[in-house]
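I opened this model to look up two sites. My entries follow the structure.

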Amino acid sequence: MKVVIIGNGISGITAARWLRKLGNAEITVVSEESPYFFSRTALMYIYMGHMRFEDTKPYEDWFWKKNRINLLQDRVKNVDFSGRTLQLSNGKLEYDKLIIAVGSKSNKFGWPGQNLEGVSGLYHLQDLQNMEKFSKGLQKAVIVGGGLIGIEMAEMFHSRNIPVTMLVRESSYWDNVLPEEESIMVTEEIRKNHIDLKLESNLQEIIDGGNGKVAGVIVKESGEKIDCGYVGLTPGVSPNVAFLKNTDLNIEKGIVVNNYLETNMEDVYAIGDCAQLSDPLPGRKSIEAVWYTGRMMGETVAYNIMDKQVTYDPGIWFNSAKFINIEYQVYGYVPNQEDSEVKHLFWKNEDNNKSIRIVYDAKHKYVRGFNLMGIRYRHEVCEKWLAEKTSIEEVLVQLSLANFDPEFYDSYDQQLVDQYNKDNETSITIKSKRRLSKVLEFLGK
Ligand SMILES: Cc1cc2nc3c(=O)[nH]c(=O)nc-3n(C[C@H](O)[C@H](O)[C@H](O)COP(=O)(O)OP(=O)(O)OC[C@H]3O[C@@H](n4cnc5c(N)ncnc54)[C@H](O)[C@@H]3O)c2cc1C
């Protein structure tokens, strides 16, 4: 059986690795951007000098040959689904089973000047090269969009002392996702780092310096003109599926798949950022453009291709990031506002750079989500509490199981529990001692 995978990102590569573990298929991965799989999430660290590109490759170059996974660096221009053939820039490729794992592309919303030199998103390696090229002698960068990638780009320029202005549509950083307190915390963190954050500000146009290169931007609301030599466009990403739009493949925003990750075309699957679930679980999005989703889908699709049918189970929602110096972790359901379904227990420190939020069911009192800023909890412990619908009070009693660092976190736990006791007139005390053996026992290891 010939399996062809388009895309060598986390989804395509996980699929290839699992296919190899599960059987003897002939596997070819065709991808345009780079000859080998690298960690996209580490792009910023290359620019900031913490890593070399080589260090972002999770596998040695010999790994692929040894595991009989053929890698081909080429562009897929078109797919003939009825003839089961890919049209590449350099030739053709036939398949019995096809996995489409083509990821995302940076959004551009038709702004005047968006295609000038010195304007770019941050998604592909080429974007990083572009940033690098324009950084020499750069006096000022403007970043449009305030999500996770926008703040990464700001930090990157900041690390080289290049002044940055961020134009953000919302009234506080990422407040469409983060609850108010956390959003304010990050807003302050950005400003503390001397990044000029302009809220409720949209891009009107990007100005051409007369030579095809960017010279500045105009802010819609204020009409202000900001001179700059680089514009980073980071208002989100969307599935990179334009090259398939003239086919019979069912595409809405992404490539529509069922819970087996099958598309409407026979023996064709889609996974990762480019896949849109037709029937996502309640409370989950149809497209979840994160690393872990790609990894889980890659494994699921391999099982399905090897006739060991499994439905895609996205598990407990998890995401993590770093907002300059503040680490962020989210597990499960954490709405940005209280709603009638849930209650929030929240604590933050006086310096406003650490916080713990536990969201629990208003009626049945079991935990629904954790939002952590500047503090890290044990992944498996949080997942288990959420999967088992553990009551908030039991979680608080055992809270120490989630912590890595007994020295520092004791007081945070206690303050959180005090807060709960005060709000609910209870007298819960933290019981478990924080020994690793207790954690392993709790996890059944
Ligand atoms: C800067 C940045 C930071 C991020 N940080 C985080 C994070 O902290 N946590 C997290 O969970 N997620 C993060 N993400 C998101 C995460 O990286 C993506 O969800 C994930 O990499 C998507 O993997 P994928 O395999 O689906 O697609 P991709 O990694 O995009 O791989 C798809 C590959 O297919 C290739 N391709 C596309 N079309 C064609 C074609 N026609 N022919 C040939 N090849 C093609 C592309 O060139 C690409 O190399 C980040 C993303 C970025 C850009």
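I began with the lining of the second largest pocket, and found that H7 contributes the most to it, with five residues. I note for the rest of these entries that the model is predicted. H1, H7 and helix H8 (379-387) each provide at least two residues of this lining.

I then looked up the volume of the second largest pocket, which is about 260 Å³. The pocket is lined by 19 residues, and those closest to its centre are Tyr-292, Thr-293, Arg-295, Met-296 and Glu-383. I sorted the lining by class and got nine nonpolar, four polar and six charged residues.

Next I turned to the ligand. I counted 31 residues around it, with Ser-11, Glu-33, Val-76, Tyr-123 and Asp-273 the closest. By class, this shell holds twelve nonpolar, twelve polar and seven charged residues.

For Asp-273, a polar side-chain atom is 2.7 Å from a ligand oxygen. For Arg-40, a side-chain N or O atom is 2.9 Å from an oxygen atom of the ligand. For Ile-10, the atom concerned is a backbone N or O, 3.2 Å from a ligand oxygen.

On its own the ligand has 1,000 Å² of accessible area, and the protein covers 94% of that.

Last, I asked which elements give two or more residues to the shell around the ligand. I list helix H1 (10-22), helix H5 (148-159), helix H7 (291-305) and strand E21 (318-323).

Conventions
Residues numbered from 1 in each chain as written. Predicted model: local features only at pLDDT ≥ 70, side-chain atom pairs only at ≥ 80, totals over all residues. Heavy atoms only, no water. Near = heavy atom within 4 Å. Polar contact = N/O pair within 3.5 Å; in protein donor to acceptor, adjacent residues only side chain to side chain. Areas by Shrake-Rupley, 256 points an atom, 1.4 Å probe, with all protein chains shown as cover. Helix = DSSP H or I, 4+ residues; strand = E, 2+ residues; numbered from the N terminus. Nonpolar A, V, L, I, M, F, W, Y, C, P; charged D, E, K, R; others polar. 1 Å grid on protein atoms, 1.4 Å probe; cavity = no way out; pocket = protein on both sides within 12 Å on 5 of 7 lines; lining within 4 Å. Points joined across faces, edges and corners; volume = space filled by probe spheres on them.
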